[in-house]
Amino acid sequence: MEETGAGSPAAPSDGPLPRRTTGARVLMVMGPLYMLLGWVTFVVFLLLLGAATDGLKPDELLTSGVRWGAIFSPLWLRDIAGVILAVHLVKYRSVGTRAKVTAIEALLNVILSIAFKMALLLRLGTREGSIRLVCLPVYLSMLVGAAAQAIKSAATPVDQRASSHLGLGFGVSHLLAITVACKLDGVASYKDSTWLTTLWPLWLGLGFLAMGVIILACCFTPFLVCFSAAERRGPTERVLGPVMVMVTIFAVLGFSCALVGCVHIALWLDGDPTAMHTAHAFDLLAAAATCALLIGVCLAIIVVVQDYDAQEGDLNNEPAVSLEEMMNRAVKPKQLIRQSSTLYKRHETLLGSAPASDAPGFDDGAGEVGGRRSALSAGDAQVDPRIIAAYELDDDEDKDRMSEADVCWICEGGPREAVFLECGHGGVCYSCAEKCWNSQRRHGCPMCRQPVTQIVRVAGKPRTGKDGELIVDVLS
């Protein structure tokens with residue numbers, strides 16, 4: 001959930017992160033339960049549809065006495081639950097503008113979905129009327145989605161729009177509704193086209209899904225398996241690899257069932273004798289929907305472990321991070337931006353631009369030591385008192401330290417060549433950094449106590465980037 005007053009600074013806290021409120025936890029439970037109910041009802045709908053149409057020809061659907069109301073009954077249950085959840089989200093006060101708009105969009109889409117099913121049942125009963133008029137709620141949902149995306153885009157800060165995944169406001173189902181309605185109403189070239197041709201949005205969506213499954217199976221999952229198997233990973237990272245293997249298996253099985261089922265339904269609509277029985281085809285689609293349900297369960301496991309890790313974590317209840325952040329943390333950067341003599345941040349990440357570092361930093365120049373004192377004593381993190389004491393120097397010692405700015409501040413002998421990630425603190429030699437790494441356990445970075453995911457060795461002399469920032473190369 002988004003926080004209200006995003007522009008206001010966060011209040012400092014010396015203790016563990018506050019636990020979520022009861023209302024927030026209820027919403028976290030209701031969302032996955034609604035997703036589970038949605039897929040279960042969709043599976044039941046497909047099974048009922050397959051059983052009711054088995055052995056029938058397409059032109060017999062309206063004359064065979066099929067009880068369409070009973071077939072749609074599982075979807076009504078899902079819509080009722082959707083209205084309840086959406087109304088609860090709209091009334092919930094502790095959400096930001098984007099979350100509120102999303103809740104209103106969901107409520108309107110559920111209402112339009114109910115209107116579409118009612119119009120479709122009326123059309124199936126009377127056997128008269130335009131299918132394009134029946135699909136009017138579907139077209140309106142496109143406008144609702146586009147308007148919601150525009151509002152959320154306006155409510156998103158400019159520097160965050162590139163990574164906010166706002167979407168387009170419409171999907172394959174909307175395009176499919178247009179082509180199917182034109183085919184059934186005999187509009188233009190769709191009148192004489194086959195169903196295999198008419199369903200081109202479906203094949204387009206399956207094509208994109210195929211590319212996603214291939215990337216998931218060949219690149220994404222092996223990467224996360226190796227990432228989760230590495231040393232010093234938290235509970236979320238450790239469970240990520242095995243769960244993503246299960247997600248990949250379900251994705252491959254689900255895509256295969258969906259592809260075969262959709263092709264045979266299209267052949268059945270065209271009257272092709274080689275098409276399998278509709279019961280078998282819809283059973284395959286139900287199996288694909290079941291795989292999608294299991295994928296959702298796997299992702300819910302990651303969220304649950306991530307939430308538990310945030311509340312019971314090893315390092316001062318460090319907040320959970322997104323999957324995108326995990327991916328960025330797993331990759332060793334090629335370059336870092338030097339913000340001060342002892343603070344760095346990533347120059348670029350695997351999936352986006354480098355986030356601004358919020359770790360307590362030091363100022364370069366004549367006020368470096370004074371800046372270190374203020375940064376070490378005024379952050380949210382609990383800093384080892386011995387580190388603060390090490391910087392409580394008199395004026396003469398300050399001048400000596402300033403003349404040795406390239407010396408490790410721990411051993412005062414080695415070069416400043418190591419940086420802790422992801423907090424970005426440095427100014428230490430690689431030998432001292434390895435000692436901190438080996439003894440981190442519940443301590444993390446010796447400056448800010450944030451978890452250390454990796455240590456990198458940087459070049460000593462920075463160069464100036466195109467935006468004026470100081471860029472240093474990562475050597476190892």
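Mentor: Q335 has D473 as its bridge partner in strand 6. That strand covers residues 470-473, and strand 1 covers residues 335-340; the two pair in the antiparallel sense over four bridges. Strands here are DSSP runs of E with at least two residues, helices are runs of H or I with at least four, and both are numbered from the N terminus. Two strands count as paired if DSSP finds at least two bridges between them.

Please keep in mind that this is a predicted model, where local features need pLDDT of at least 70 and side-chain atom pairs count only at pLDDT 80 or more, while totals for chains, interfaces and linings use all residues. Residues are numbered from 1 along each chain as its sequence is written, and side-chain values use heavy atoms, with hydrogens and water left out.

Strand 1 also has strand 2 (residues 343-346) as a partner: four bridges join them, and they run antiparallel. Here S340 stands opposite L343 of strand 2. With two residues between them, strand 1 and strand 2 form a hairpin. So strand 1 pairs with strand 6 and with strand 2, by the rule of at least two DSSP bridges.

For a helical counterpart, look at helix 6, residues 172-185. Its 14 residues reach 20 Å from first C-alpha to last, close to the 20 Å expected at 1.5 Å a residue; the expected span is 1.5 Å times one less than the number of residues. Just after helix 6, G186 takes a positive phi of about 70°.
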